[in-house]
Amino acid sequence: MNMRRSVLILLLFLLFILQGTVLPWLIPDIWQMRIIPNLVLVAILFVTVYHHRHTALLLGLSFGMLQDVVFYGRILGSHSFTMGLSAYLIGLIFQLPRAPLPLMMSVVLLGSLLADSMLFGIYTVFNLNQEPYSWALLNHMLPTMLVHFAIALLFYVPLRKQLELIKKEAAKEENA
């Protein structure tokens, strides 16, 4: 594994720690139950567009499992499944090496909605959710999508540059 890929994994782990420690302090108390920011999911959606969907699938499965173990104990594997599958499906549709900002923001909004909808479906199947989808969409998914949009705007330039460097190093290794 080269140095850039190690930096990416370290960055995802740092984002995982930030979303569990700092973000709950920044979100007002009244919004704590509505907004559930997932910094790692946003970064993995960047990986699926600018790098490769298989890498994003593996990162989504592993960091989703880490979230299941550390943050959510109701069903083990639900976040792992939703993060991995949503990253892979988004990667099937939007694999563009030079995706412009508006397209990447659309990908983040769609990926966030897809992951939250799959999570809602899993909780409904296992009878852990009593609310209808429209209520969850208005009270949880849309506010979370807006937060993910703002986070994606912050991540766009540095994460895109990092992923382009990883792709260049991978191309050099293949040519050597």
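Ala150 has a relative accessibility of 39% and therefore counts as partly exposed, a class lying between buried (under 20% relative accessible area) and exposed (over 50%), with a 1.4 Å probe and protein chains only. Ala150 sits in helix 7, where helices (H or I, at least four residues) and strands (E, at least two) are DSSP runs numbered from the N terminus. From Ala150 to Met105 the C-alpha distance is 9.1 Å, although 45 residues separate the two in sequence.

This is a predicted model, in which local features need pLDDT of at least 70 and side-chain atom pairs count only at pLDDT 80 or more, while totals for chains, interfaces and linings use all residues. Residues are numbered from 1 along each chain as its sequence is written, and side-chain values use heavy atoms, with hydrogens and water left out.

Helix 7 (residues 133-175) has 43 residues, yet its end C-alpha atoms are only 50 Å apart, short of the 63 Å that a straight helix would reach; the expected span is 1.5 Å times one less than the number of residues. At Tyr156, shortly before Pro158, helix 7 has a kink of about 50°, the bend being the angle between axes fitted to the seven residues ending at a residue and the seven starting there.

Helix 7 also holds Arg160 and Glu164, which are four residues apart and thus separated by about one helical turn. Arg160 forms a salt bridge with Glu164, with 3.1 Å between the closest N and O atoms; the rule asks for a side-chain nitrogen of Lys or Arg within 4 Å of a carboxyl oxygen of Asp or Glu, and the count by this rule comes to one. The two partners are set out below.

| Residue | Relative accessibility | Class |
|---|---|---|
| Arg160 | 14% | buried |
| Glu164 | 24% | partly exposed |

The buried residues of helix 1 are Leu8, Leu12, Leu15, Phe16 and Gln19. Because these buried residues fall within an arc of 105° seen down the axis of helix 1, they line one face of the helix, the arc being that of the directions from the helix axis to the C-beta atoms. They pack against helix 2 (23-26), helix 3 (39-50), helix 4 (53-70) and helix 7, contact meaning heavy atoms within 4.5 Å. On the other side of helix 1, Met3 and Leu10 are exposed.
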